[in-house]
Amino acid sequence: MSKILFFYSLTNPAASSGECARCSIQEIEILRIRKGKRKLNKFDLLVIGGGPAAITIAKSIQDKMKVGIIRPEDHSMIYCAMPYAIEGLLSFEKTLKKDAVVTDEKAELIRDKVIKVNFDAKTVETEESGEIAYGKLVIATGASPVMPPIEGHKLKGVMTFKTEEDLKEIIELVDNGLGKAVIVGAGAIGIELAQALNERKVETHLVDMEEYVLPNMVDYEIAEEIQASLIKSGINLHLKNKVTALKGTEEVEGVLLENMQIIHFNQLDDCSKGDDNKLSGLVVFAVGMRPSVELFKDTDLQIERDGIVINNKMETNLKDVYAIGDCCQFTSGITGEVLSGKLATNAVPMGRILANNLLGKEDRVYPGFFNGAATKINNYFIGGTGLSEKAARKFFDVEVGYAEFTTAFPIMPSAKKVRLKLIADKKTHKIVGGQLVSGEPVADQVDKITMAIQYGITLEQLVNFSYASQPYQSFYPAHNLIVKAAEEILNKFTHPDND
Ligand SMILES: Cc1cc2nc3c(=O)[nH]c(=O)nc-3n(C[C@H](O)[C@H](O)[C@H](O)COP(=O)(O)OP(=O)(O)OC[C@H]3O[C@@H](n4cnc5c(N)ncnc54)[C@H](O)[C@@H]3O)c2cc1C
């Protein structure tokens with residue numbers, strides 16, 4: 001009986017979608033325990049992974065091919081929202097995607113883990129359901145957070161931050177009175193997590209070996225103000241410093257920094273010791289992502305340091321095998337160099353390009369990634385795109401310009417300060433980077449600058465940029481941020497002494 005239900009749940013999208021299909025999912029669990037193996041249908045397109053890249057394939061292909069999506073987790077996650085569930089702005093459940101995002105698109109969702117791929121036979125082997133055959137295979141296995149192999153990294157209370165279980169564990173610890181936390185890595189994920197813990201009244205330390213926060217997104221003069229605001233909000237910043245060891249016997253009791261400072265965690269009382277929900281302290285590493293490609297270790301699939309090697313059509317070196325998202329090695333659309341920043345805003349367009357090409361629509365090619373990203377720190381919104389000045393100087397002779405206005409007419413009560421830095425190549429006058437910090441969201445402005453970079457717009461074109469103005473939504477018609485910063489750079493070219 002359970003076997004029939006298992007088959008039914010795999011072949012009937014309604015049965016494997018969302019909460020209404022709980023019984024079917026329980027049957028799958030029963031079968032998992034029995035470890036029954038059966039040969040499943042062949043899929044036209046089999047996708048390994050259940051993250052944004054895989055979901056994009058399901059949404060874009062719909063019923064035009066027979067699509068199977070294999071993912072082991074109970075839920076796909078809205079990763080970007082995870083810190084806000086810790087902070088208490090959202091419920092934990094809100095961070096879970098419904099299976100219907102896949103099954104409503106007519107793809108079959110297979111809750112399982114691929115343990116082997118046979119590229120010659122065009123089959124994958126899974127932990128529970130045995131072999132599955134494919135016509136074309138899409139690898140969308142994502143990336144896993146890096147845990148540096150330093151002394152004590154296996155102690156209880158030391159973790160990374162990506163999965164549903166990670167989120168659950170941190171929420172539980174905080175709900176049970178976690179006193180102190182050390183977050184390692186002051187990129188967007190580390191900062192968002194640190195802020196969430198700080199808001200929940202956990203004594204929070206943020207450690208990074210760089211000189212300032214968000215070093216991959218912005219330059220110091222844009223980070224400066226928000227860095228001060230992090231300190232003012234009570235977060236203990238340890239910059240130009242590294243975690244060198246984690247001390248403790250079973251659970252982490254302290255964190256040793258390179259400058260020999262030790263962040264001690266308070267000891268638990270005897271009643272609390274051994275309680276899984278209680279820890280004297282928590283250490284979370286948010287120091288980068290590594291492509292999840294172990295599965296293909298002994299195969300002919302071409303893999304380099306930053307992931308599976310693909311061309312601009314998402315094709316791998318193997319016939320009928322494609323790769324998209326964080327598991328891939330991808331390049332900068334500006335310099336062509338390999339970029340390691342893994343973002344959903346790269347994974348999703350990769351999925352869209354591949355789906356488009358598989359459906360034989362117009363030929364689309366991947367232009368590279370332009371690195372647009374944004375975050376929010378206390379009351380500041382901050383974002384960057386392209387290359388920071390520091391990164392750009394490795395490739396170009398650059399000039400920078402700034403503009404500072406308000407987000408509305410300064411006479412309006414809602415007006416907040418906004419500051420832009422624009423970076424241009426002196427030789428071609430093309431924009432290579434831009435960064436903003438503001439009291440209002442900046443993602444749209446970041447995207448505007450990305451468009452300028454992506455389509456090779458020059459400073460001369462930008463100063464003639466035609467813009468809109470309205471008291472609630474912009475500065476006075478006399479000025480526009482991007483135009484002003486572009487003018488400043490051109491002025492520096494004409495009057496280099498004013499630089
Ligand atoms: C806390 C956090 C916040 C973030 N915030 C942002 C943000 O604000 N903006 C942004 O653009 N990006 C953000 N990101 C990054 C973004 O989430 C990733 O870039 C994105 O999820 C990549 O999508 P993907 O589909 O390539 O991989 P993933 O989302 O990692 O999905 C990979 C899938 O493959 C599955 N898989 C792996 N191995 C196997 C196997 N052997 N068999 C079957 N399935 C397998 C995994 O279980 C998973 O379902 C954030 C990430 C985190 C962790």
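**Close-up views of a predicted model**

Residues 24 or more positions apart account for 63% of the chain's contacts with a separation of 6 or more; two residues are in contact if their C-beta atoms, placed from the backbone, lie within 7 Å. This is a predicted model: local features need pLDDT of at least 70, side-chain atom pairs count only at pLDDT 80 or more, and totals for chains, interfaces and linings use all residues. Residues are numbered from 1 along each chain as its sequence is written.

**View 1. The whole chain.** The chain holds 13 helices and 26 strands. Helices (H or I, at least four residues) and strands (E, at least two) are DSSP runs, numbered from the N terminus. Of the 499 residues, 43% count as buried. Buried means that 20 or more other C-beta atoms, placed from the backbone, lie within 10 Å of the residue's own.

**View 2. An open parallel sheet.** Five strands line up in the order E8-E15-E9-E10-E11, with parallel pairing. Strands pair if DSSP finds at least two bridges between them. At the edges lie strand E8 (158-160) and strand E11 (236-238), each pairing on one side only. Neighbouring strands of this sheet are turned by 20° against each other on average, direction ignored. Helix H7 (residues 188-199) packs on the sheet and touches E9, strand E10 (203-207) and E15. The direction of H7 makes about 165° with that of E10. Such angles run from 0 to 180 degrees between N-to-C directions, with axes fitted to C-alpha atoms, for helices over the stretch in contact.

**View 3. Strands E9 and E15.** Strand E9 (residues 180-184) runs parallel to strand E15 (residues 281-285), joined by 5 bridges. Ile183 stands opposite Val284 in E15.

View 4. Strand E22 (residues 373-377) has 4 of its 5 residues buried, so it is largely enclosed by the rest of the structure. E22 runs antiparallel to strand E23 (residues 380-386), with 5 bridges between them. Ala373 stands opposite Gly384 in E23. The hairpin has 2 residues between its strands, and Asn378 in the turn has a positive phi of about 50°.

Note on methods:
A residue is buried if 20 or more other C-beta atoms lie within 10 Å of its own, exposed if 12 or fewer, and partly exposed in between; C-beta atoms are placed from the backbone.
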